[in-house]
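These are my notebook entries on one structure. I set out to look up the ligand, the space around it and a few points of the backbone.

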Amino acid sequence: MDSGWPESLIRDVPDFPAEGIMFKDITPLLDDGEALRWAADTLADRLSATPADRVVGIEARGFILGAAVAYRMGLGFVPFRKPGKLPRQTRSVTYQLEYATASLEAHTDALVPGQRVLIVDDVLATGGTAAGAVELARSSGAAVAGAGFLVELGFLGGRARLDNGCPVISLFSYGGSDDPN
Ligand code: AMP
């Protein structure tokens, strides 16, 4: 095991998917059984300080970690999906990304008023996606109890966009984060 483990399993890929973007590729970490277990266990342990009823995973890489976290915590998992994927009636939210808009959908009965949810995704960048997920959860009457990410690009200020006072956990933070961990 190298000294930078498991962070060394997150690879920087320059100019993907567009010029100027440094893509954080988590597939080497997913490929390593011990690292995957460590990531899921650590996210779950740190999120478990906050009582919750469901884990929400954001399509697509948020499904991988979110489902593992939900399993570890013994909670149900709710997928927030890209448009047109869910078979029954949905509610949706459209949110702003850096240069575009995007949408997420959830089944209308996936969350009910009073439930407390934890939102999980692989990367917190500008926070637009996570803020959209918060809005979608709230539109069902659920409360967001916390959010967990493998990677936080702190210099993009995403944490501030979540802006709901809930704990925001990231396992690896790059630049400018106010994450106390
Ligand atoms: P944002 O809405 O800007 O916070 O972007 C977060 C979403 O986009 C997450 O679902 C990530 O999977 C993806 N993402 C954004 N920036 C990166 C990056 N540099 N490397 C990998 N994934 C990213």
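Entry 1, terms. I count as a strand a DSSP run of E with at least two residues, and I number helices and strands from the N terminus. I also note at the start that the model is predicted.

I asked which element gives the largest share of the lining of the largest pocket. I found that β7 does, with four residues. The pocket holds about 1000 Å³ of space. I then looked up its lining and found 35 residues, of which Phe 23, Arg 61, Val 123, Ala 125 and Thr 129 are the closest to the centre of the pocket. The elements that each give two or more residues to this lining are β2, β6 (101–107), β7 and α4. I sorted the lining by residue class and recorded 21 nonpolar, six polar and eight charged residues.

Where does the ligand sit? I found it in the largest pocket. The ligand is surrounded by 14 residues, and the closest are Asp 121, Asp 122, Thr 126, Gly 127 and Thr 129. I noted that at least two residues of this shell come from each of β2 (22–25), β7 (116–124) and α4 (128–139). By class, the shell has six nonpolar, four polar and four charged residues.

I took a pair of N or O atoms within 3.5 Å as a polar contact. An oxygen atom of the ligand lies 2.5 Å from an N or O atom in the side chain of Thr 126. For Gly 127, I recorded 2.7 Å between a polar backbone atom and an oxygen atom of the ligand. A nitrogen atom of the ligand is 2.9 Å from a polar backbone atom of Met 22. I next asked how much of the ligand the protein buries. Taken alone, the ligand exposes 490 Å², and the protein buries 84% of that.

I looked up the bond from Trp 5 to Pro 6 and found it to be cis, with omega near 0°. Pro 6 is in the segment before β1 (11–14). The bond from Glu 59 to Ala 60 is also cis, with omega near 0°. I located Ala 60 in the loop between β3 (54–58) and α3 (61–73).

Asp 15 belongs to the loop between β1 and β2.

Technical notes. Residues are numbered from 1 along each chain as its sequence is written. This is a predicted model: local features need pLDDT of at least 70, side-chain atom pairs count only at pLDDT 80 or more; totals for chains, interfaces and linings use all residues. Side-chain values use heavy atoms; hydrogens and water are left out. A residue is near a molecule or strand if one of its heavy atoms lies within 4 Å of it. A polar contact is a pair of N or O atoms within 3.5 Å; within protein, one must be able to donate a hydrogen and the other to accept it, and residues adjacent in sequence count only if both atoms are side-chain atoms. Accessible areas come from the Shrake-Rupley method with a 1.4 Å probe; for residues, only the protein chains shown count as cover. On a 1 Å grid over the protein atoms alone, a cavity is a set of points where a 1.4 Å probe fits but cannot get out, and a pocket is an open set with protein on both sides within 12 Å along at least five of seven lines; lining residues have an atom within 4 Å of a point. A molecule sits in a cavity or pocket if more than half of its atoms lie within 2 Å of its grid points. Ala, Val, Leu, Ile, Met, Phe, Trp, Tyr, Cys and Pro count as nonpolar, Asp, Glu, Lys and Arg as charged, and the others, Gly among them, as polar. Grid points are joined across faces, edges and corners, and a volume is the space filled by probe spheres set on the points.
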